[in-house]
Amino acid sequence: MTAVDQGLRRDSAFKLFVHHQSFIRHLLRAYPLAGIDEREVVAIEAGNANLVAAGGQGQRLADAVWRLTLADGEIAYLLIECQAEIDPSMPFRMLHAVAGMYLIQSQNPLRESGYAAGWVPRVKHLIIYSGKRPWTAAEEVGQAIRSRSLQEERDIPRMECPVLELWRCEDPGGEENLAVLLGRLQRCDSPEALRAAAEPLKRWPDSESQGALGRAFAVWISEVLIPDLGVPDATKGYDLRGVLDMLETESLTWADRMRAEGREQGREQGRDEGRREGERKLLLRQARIRFGEALARSLATRLEGIADAERLEEIGEWLLVCDSGDALLARLGQH
């Protein structure tokens, strides 16, 4: 599977989570957004990520759009973008999405909530990054714009670009929060660790494990996390109970298989190194017979850094055709 295919697989699997209301509630609780207190959010409603502006022209704003209603009646929108790879253009993509959302709200104001064309709801946004490499895109739009006097130019856009890195986010503790659990699963480095991190999922009622979020966890574990651990022939599943049973019964088999493959690879590498060491000793013995001890010592130093078997065979041929030790060393220096 190519890196592009892996990224698409990860993106599509993760989007299953951000389309569920209960996951968004847990996300806001575990990783609060600036200016949004989850305790003040009285309603979370799905929005349209493919909103249509005036004139009928459509655009995809983000992977998920949610409308949050606060206790005092204020409305705020949350745009979520899922990323499996680092994208340097992400600050500008999010700026475009947020600006597009503001434009659409000004063209279609929520008049029943007291908003108007010139007074629109807040738009919050979050990038959720599931890649292993540290996120390196700019954390603020202005940082991605090159200017000699950036601080003095008021027309340069300023907007923070918050990123939740699953591999590096803090763990608030507890086993009930779905967003926290997702980060723990992502950071597992072995089948055994994955099995332990998934333990809280076993306590879900059947109605929850068989629901949409249960399927999302099943897909994420079986199609993303298990393959990321290098486990061959992993069984894919869309039933959470079945995937958890697979983790329980198969993890030891996977670990044994991976250890066995590692030992065999180590033995093969050892055999290859042994063959190369034998070839080097043979070359030194031939050089000592043909050109003397001093030449053999000089050649030994050169041979230490050569691990390519074909290269060693080539040097053996030079030993036969060169008429002096100096000619042999000169030829080595030329290649």
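## The model and the chain

This is a predicted model, in which local features need pLDDT of at least 70, side-chain atom pairs count only at pLDDT 80 or more, and totals for chains, interfaces and linings use all residues. Residues are numbered from 1 along each chain as its sequence is written, and side-chain values use heavy atoms, with hydrogens and water left out.

The chain holds 11 helices and five strands. Helices (H or I, at least four residues) and strands (E, at least two) are DSSP runs, numbered from the N terminus. The chain has 335 residues, and 44% of them count as buried. Buried means under 20% relative accessible area, exposed over 50%, and partly exposed in between (1.4 Å probe, protein chains only). A contact means heavy atoms within 4.5 Å. Take the contacts between residues at least 6 apart in sequence: 61% of them join residues at least 24 apart.

## Helix α4

Helix α4 spans residues 178-186. It is mostly covered, with eight of its nine residues buried. Those buried residues are L178, A179, V180, L181, L182, G183, L185 and Q186.

What caps the N-terminal end of α4? N177 does: a side-chain oxygen of N177 lies 2.9 Å from the backbone nitrogen of A179. This is a polar contact (a pair of N or O atoms within 3.5 Å; within protein, one must be able to donate a hydrogen and the other to accept it, and residues adjacent in sequence count only if both atoms are side-chain atoms).

V180 sits in α4. V180 counts as buried because its relative accessible area is 2%. Beyond residues up to four places away in sequence, V180 touches A30, Y31, D171, P172, G173 and G174. V180 and E170 are 10 residues apart in sequence, and their C-alpha atoms are 8.7 Å apart in space.

## α4 against α7

The axes of α4 and α7 are 11 Å apart, and the helices pack at an angle of about 20°. Axes are lines fitted to C-alpha atoms, for helices over the stretch in contact, and angles run from 0 to 180 degrees between N-to-C directions. The two helices are therefore roughly parallel. Angles under 35 degrees count as roughly parallel, over 145 as roughly antiparallel, 65 to 115 as roughly perpendicular and the rest as oblique.

From α4, the residues L178, L181, L182, L185 and Q186 take part. They meet L213, F217, W220, I221, L225 and D228 in α7. By class, this contact has nine nonpolar, one polar and one charged residues. Ala, Val, Leu, Ile, Met, Phe, Trp, Tyr, Cys and Pro count as nonpolar, Asp, Glu, Lys and Arg as charged, and the others, Gly among them, as polar.

## F217 in α7

F217 lies in helix α7, residues 212-228. Its relative accessibility is 0%, so F217 counts as buried. Leaving aside neighbours within four places in sequence, F217 is in contact with F17, L178, L181, L182, L185, L201, W204 and L240. F17 is 200 residues away along the chain, yet the C-alpha atoms of F217 and F17 are separated by 8.1 Å.

## α4 against α2

Helix α2 covers residues 21-30. The axes of α2 and α4 come within 7 Å and cross at roughly 80°. That makes α2 roughly perpendicular to α4.

S22, F23, H26, L27 and A30 in α2 meet L178, A179, V180 and L182 in α4. This contact has seven nonpolar, two polar and no charged residues.

## Two strand residues

Is H125 buried or exposed? H125 counts as buried, because its relative accessibility is 8%. It is found in strand β4, residues 122-129. The side chain of H125 reaches the backbone oxygen of E160 at 2.8 Å. Not counting residues up to four places away in sequence, H125 touches L33, L78, L79, M94, V98, M159, E160, C161 and P162.

E165 has its place in strand β5, residues 163-165. E165 is buried, with a relative accessible area of 18%.
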